[in-house]
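Let us learn to read a protein model by asking about it, one feature at a time.

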Amino acid sequence: MTDRPPWAPDDDPPPFLGTWPRVYAAVVIYLALLIVLFSLFSRSFSPGAGAGG
Amino acid sequence: MSPIDWAVLVLWLLFTIFYGLYKARGKATTESYLLAGKTMPWYAMGLSIMATQASAITFISTTGQSYVDGMRFVQFYFGLPLAMVVLSLTAVPLFHRAKVYTAYEYLEQRFDRKTRFLVSAVFLLQRGLGAGLALYAPAVVLSIVLGWPETVTTVVMGTLVIAYTTLGGIKAVTWSDVQQMVVIFAGLLVAVVMAVISLPAQVSFMDAIYLAGAANKLNAVVTQFDWDDRYNLWSGLIGGAFLAMAYFGTDQSQVQRYLTGRSIAQSRLSLIFNAVAKIPMQFFILFIGTMVFVFFNFERPPVLFQPADHKKIQSHAAYGELDSRFQAAYDQRKQAALEYLNARRNGDLAGQRAPLGAYRAAQERIVDARAEAARLAGGTNDTNYIFLSFVINYLPAGVVGLIIAVIFAAAMSTISGEINSLATVTIMDLYRPIKASQAADSHLLWASRAATVFWGLYAVLFAGVGRRLGSLIEAVNIVGSLFYGGMLGMFVLAFFFPAVRARGAFAGVLAGEAAIFYCFLFTKISFLWYNVIGCLVVIAVALLISGASRPALSVARR
């Protein structure tokens, strides 16, 4: 279980941002930005609470 | 459908099947058939993961759900990027280095064979049912378009998918998925453009967004916490993350996609691609549903979108009065919508209040009338028919064929991936260990093909279950949530708790499943929390029985 198979010689670095931790951090920041943007979108176009359905 | 639509659909169907088979040509071995010989690039895996998850249900049901309930369903996906990060850190390197065909094979290495069999059996049970539901959705499309019974359309769809999945294996499935996602993205773009340009001339794109907001359809972020509320920010971030971790980390239909990667980095990139692309894609699909809602503010919709149910209630004694009420509410809503938009354009804040109130009141009367019609029809749920009704009745020739092709693309990519993974688990986790441990590669290849046919037929038979469930997208997620919590708990134990042994893990997963079924049967807790509860119960009981108390992360770094 601990030996490396031939098809995965090593844990290659990502093609952008240099290291995997930076890629993961970028994903989390991206998620936070999306939630803020969606929230702003909802509030900008919704004049108070309304009827569902 | 017009001849142009038929031409678009048939040509696309033929192309997608032969394209997949062409990419999968060459001498097959069991490894090439089930794992594509570990040669897949990240973009193919990423698109295939996305295609497998984005079933026809996604397009048929999500758009309808947005029409009825607004865009808050997008929150369901908020936990997905977090789950992708966790899985890139843990599951991807562990599975790759363990040299496994399936995620459950790893459980035997970590615990014992009994545990592997238990989790494999749970997967076969729930994913088999899921495949049935995924097959039912496009059968609904065909039954509306062709006027055929749903049983006939289910069999026709099932036969097509079984044929190319059985012949080409995972390579055909993955490369077909890539091509299918291209069609899906193109179709989505066309659908939203068509929904907007189908609006009356005096209603602009911005007007449409304001009207959707006035009807509270743009509720993409709900910050209020409520255990019973299915979709809010917290259930999405926490419950959604657990569900996504379970789905992408323990469900073989997803794990098998990134096991085909040529390296750990390639597999990780495929998950990161999903982390970035999934939420905007779902937002876009839900937005189409809201635009269809606005479209039906100016074009009278049927009381019920399900054609057979609508026909059925028309002969009911109460229908005449109900339809008059619906018509009156529709007229009032349309009038109020135009007045509200006029006042908004003129910057008349005070003048917006009255039409806004009238608009919302009329909307409530429409909702009430639809609910009453649904009761008259025997408690029907027409959510899955809303988008199709719009496509078939209002979009031009050619575009209808393209949208129907999109729904087929989504359906075929999901079902092919599911029956391919069901066959893999059947052969690699059950058949080979029990009956064929010394079998030749050619025998396992033949058995894998036979298992693919078997699971395809099973999906066709269980497609009938879909008829008795409401919104299909929710049904699939609820079925998944009944089992994912236990499976996720098992893998968390395997990854992070080296002191836990097989006996504790086995007892833990049984206790976790008992807790989930208790919540499902006796409480009103939203299904998104089942994964969290189930996973935590599995860990707690396993730790208790194993007498272990200190988690260790070292296993993940092996």
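This is a predicted model: local features need pLDDT of at least 70, side-chain atom pairs count only at pLDDT 80 or more; totals for chains, interfaces and linings use all residues.

Q: Where do I start? How many helices and strands are there in chain B?

A: Start by counting elements. Chain B has 22 helices and zero strands. Chain A has one helix and zero strands.

Q: How compact is chain B for a globular protein of its length?

A: Compare the radius of gyration with a rule for globules. For chain B the radius of gyration is 24 Å, close to the 24 Å that the globule rule gives for 558 residues, so chain B is as compact as a globular protein of that length. Along the principal axes, its C-alpha atoms fill a box of roughly 75 × 55 × 45 Å.

Q: What share of the residues is buried in chain B?

A: Count the neighbours of each residue. In chain B, 59% of the 558 residues count as buried. In chain A, 17% of the 53 residues do.

Q: Among contacts in chain B between residues at least 6 apart in sequence, what share joins residues at least 24 apart?

A: Look at sequence separation. The share is 85%. One pair shows how to compare the two distances: B:L543 and B:G508 are 35 residues apart in sequence, yet their C-alpha atoms are 8.2 Å apart in space. B:L543 lies in helix α22 (residues 530-546) of chain B.

Q: How many residues of helix α12 of chain B are buried?

A: Go through the helix residue by residue. Helix α12 covers residues 252-259 of chain B, and eight of its eight residues are buried, so it is largely enclosed by the rest of the structure. Among them are B:Q252, B:V255 and B:L259.

Q: How do α3(B) and α12(B) lie relative to each other?

A: Find the angle between the axes. Helix α3 (residues 42-53) of chain B packs against α12(B) at about 170 degrees, with the axes 9 Å apart. Angles over 145 degrees count as roughly antiparallel, so α3(B) and α12(B) are roughly antiparallel to each other.

Q: Which residues of α3(B) meet α12(B)?

A: They are B:M45, B:S48, B:I49 and B:T52. On the α12(B) side, the partners are B:S253, B:Q254, B:R257 and B:Y258. By class, this contact has three nonpolar, four polar and one charged. An α-helix has 3.6 residues a turn, so residues three or four places apart point the same way.

Q: At what angle do the axes of α11(B) and α22(B) cross?

A: Read the angle and the distance together. The axes of helix α11 (residues 233-250) of chain B and α22(B) cross at roughly 65 degrees and come within 7 Å. These two helices, α11(B) and α22(B), are therefore roughly perpendicular to each other. In the contact, B:I238, B:G239, B:F242, B:L243 and B:A246 of α11(B) meet B:N531, B:V532 and B:C535 of α22(B). Six of these residues are nonpolar, two are polar and none is charged.

Q: How many residues of chain B are in contact with chain A?

A: Count each side of the interface. 40 residues of chain B touch 29 residues of chain A. On the chain B side, α13(B) gives the largest share, seven residues. By class, that side has 25 nonpolar, seven polar and eight charged residues.

Technical notes. Residues are numbered from 1 along each chain as its sequence is written. Chains are lettered from A and ligands numbered from 1 in the order in which they are written. A residue is buried if 20 or more other C-beta atoms lie within 10 Å of its own, exposed if 12 or fewer, and partly exposed in between; C-beta atoms are placed from the backbone. Helices (H or I, at least four residues) and strands (E, at least two) are DSSP runs, numbered from the N terminus. Two residues are in contact if their C-beta atoms, placed from the backbone, lie within 7 Å. Ala, Val, Leu, Ile, Met, Phe, Trp, Tyr, Cys and Pro count as nonpolar, Asp, Glu, Lys and Arg as charged, and the others, Gly among them, as polar. The radius of gyration is taken over C-alpha atoms; the globule rule is 2.2 Å times the number of residues to the power 0.38. Axes are lines fitted to C-alpha atoms, for helices over the stretch in contact, and angles run from 0 to 180 degrees between N-to-C directions. Angles under 35 degrees count as roughly parallel, over 145 as roughly antiparallel, 65 to 115 as roughly perpendicular and the rest as oblique.
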